[in-house]
Amino acid sequence: MESMPGDQGQIRLAVLDGEGETRRLAGSVADAMDHACAAPLTYHSFEPFYAASTQVQPDVMIVDLETLGQDGFLSRLAAAQPQAMLMAVSARESLTRSLAAMEAGAHDVISFPANPRAVAEKIDRFLIQNTRSLRDTAAPRHLREGRGRLPTGERNGTENTHALPEATAPFRFERFVGGSQRMREVYDQIRRIAPSNAPVFVTGESGSGKDLCAAAIHARSPRKNAPFIAINCAAIPGELMESEIFGHVRGAFAGAADARTGAAELADGGTLFLDEIGEMDLALQSKLLRFVQTGLVQRIGDTRTRSVDVRIVCATNRDPHVEIAGGRFREDLFYRLHVLPIRMPALRDRREDILPLATSFLARFAEEEGRAFSEIAPCAGERLLTHGWPGNVRQLENAIRQAVVMHEGTRLLADMLPSFLTGQGLSTRLEPIRERGPRRAIEIEPLWAQEKRIIESALDAFDGNIAKAAAALEISPSTIYRKRQSWSGRGEGSADFTGFAG
């Protein structure tokens, strides 16, 4: 592999600039950085710059947007070099252009005139927070000069203060994988929140890891040795939800042959996690509010109350303020629960975590399925990095699992990925009725087939959870049930399905 000019261990910086102003800025930035930086490599057009970046694998790319020309090129760079900091530079300050560049994969956007010291500080922070982009001996300049040491816990096991720790494995925190800045902020919130007993309200899109967040809060809390009880409010019919949470006595209702201890009592001393709390009906919300206020549990059909000590963590993929305005969520309950809020970022907002997550899933499923996969080919990585991932981490996990199960090999290639990533799909080819002379055959997919494909894609994204898929599609769960029954009549599906998945 080529290397940039400079001593071993220096930061590699590549610049795309056709006019010269960005090159001059890059030189000043390199001089101002705490990390030793080799002389920047500069290119005047995109294709040579892109080709060189795949060989050199720079730590930092500074790209002039006017020279670049297309935001699509920015996405290609971000996909090809996910480990690098991608900084876009523009001669004109435009909020719309900046947002488009960030959406395309840029970590930051700056405009002229720019302060080289401020830009250098941004790059240094990125390099420190993403140690996998540092070469083995690339320590900050003040450390190499003997003016400091790496913080405790960040050394490589020796007294050599000239090297950052080796970081070949994906960054992990509890059960999370990913060391992006957005996720590190979440990890910091979890660390701060965990020791408290106050309720936690987690929001975020489906599949973004709200359940992992709740489990991490419990694992980091003083309650970690007590039960962690999770209830999925979207997976349990409303008429059974009260019994699931509060329990019932024998004979409380038809079919209650035995007494049942509810989740609130089972979680005594620990944590009660109410996932998708926005699905809970208003009548039960009122009873939950009373429980949150008093800490008392009353089983269905019982006259006694029991005192329990639980910490409540709840989560929803809906906007609680919209739900309150629509009369679907009690405002008083919201303010009782919304004490310590955490917002889980969507996967598209932390693209640097996509490949570490995919690599982790690949290793796990290869072991589970007895496959030999050990790496992701660059062509497949680019597909993964540029996809929008509406189903977030869960959709990525399902995509990797499908590829592992359906294929053999040591490298995961682009054509092994599911059809929604490769652009391949099924359609029905129909010959139109000829009434007034010959007409060209066209590709037409029947409406029911389009609905089937869309609904099944949503179900796949949410692990078969009908309630979540329905919410994402903005239809009712009963619509999915009805559609699936109609497909079975066409011989294209089966009326046999599991219903609500956990």
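Predicted model: local features only at pLDDT ≥ 70, side-chain atom pairs only at ≥ 80, totals over all residues.
Reader: What is a disulfide, in general terms?

Author: A disulfide is a covalent bond that links the sulfur atoms of two cysteines.

Reader: How many disulfides does the structure hold?

Author: The structure holds 0 disulfides. Cys 233 is in no disulfide, and the nearest cysteine sulfur to it, that of Cys 314, is 8.9 Å away. Cys 314 is likewise in no disulfide, its nearest cysteine sulfur being that of Cys 233.

Reader: Is Cys 233 buried or exposed?

Author: Cys 233 counts as buried, because its relative accessibility is 3%. Cys 314 is buried too, with a relative accessible area of 0%. The cut-off for buried is under 20% relative accessible area.

Reader: What can side chains of opposite charge do?

Author: They can pair when their charged atoms come close.

Reader: How many salt bridges are found in the whole structure?

Author: A search of the whole structure finds 27 salt bridges. One of the pairs is Arg 23 with Asp 17, where the closest N and O atoms are 3.5 Å apart. That counts as a salt bridge because the N and O atoms lie within 4 Å.

Reader: Which of these is buried and which is partly exposed, Arg 23 or Asp 17?

Author: Asp 17 counts as buried, at 1% relative accessibility. Arg 23 is partly exposed, with a relative accessible area of 29%.

Reader: Which residue does Glu 323 meet in a salt bridge?

Author: The side chain of Glu 323 meets that of Arg 328, at 2.9 Å from N to O. Glu 323 is buried, with a relative accessible area of 8%, whereas Arg 328 is partly exposed at 39%.

Reader: Where do Glu 456 and Lys 452 lie?

Author: Both Glu 456 and Lys 452 lie in helix α19, which covers residues 447-461. They are 4 residues apart, about one turn of the helix. Glu 456 forms a salt bridge with Lys 452, with 3.2 Å between the closest N and O atoms. Glu 456 counts as partly exposed, at 38% relative accessibility, while Lys 452 is buried, with a relative accessible area of 15%.

Note on methods: Residues numbered from 1 in each chain as written. Heavy atoms only, no water. Disulfide = S-S within 2.5 Å. Buried < 20%, exposed > 50% of the residue type's maximum accessible area, 1.4 Å probe, protein only. Helix = DSSP H or I, 4+ residues; strand = E, 2+ residues; numbered from the N terminus.
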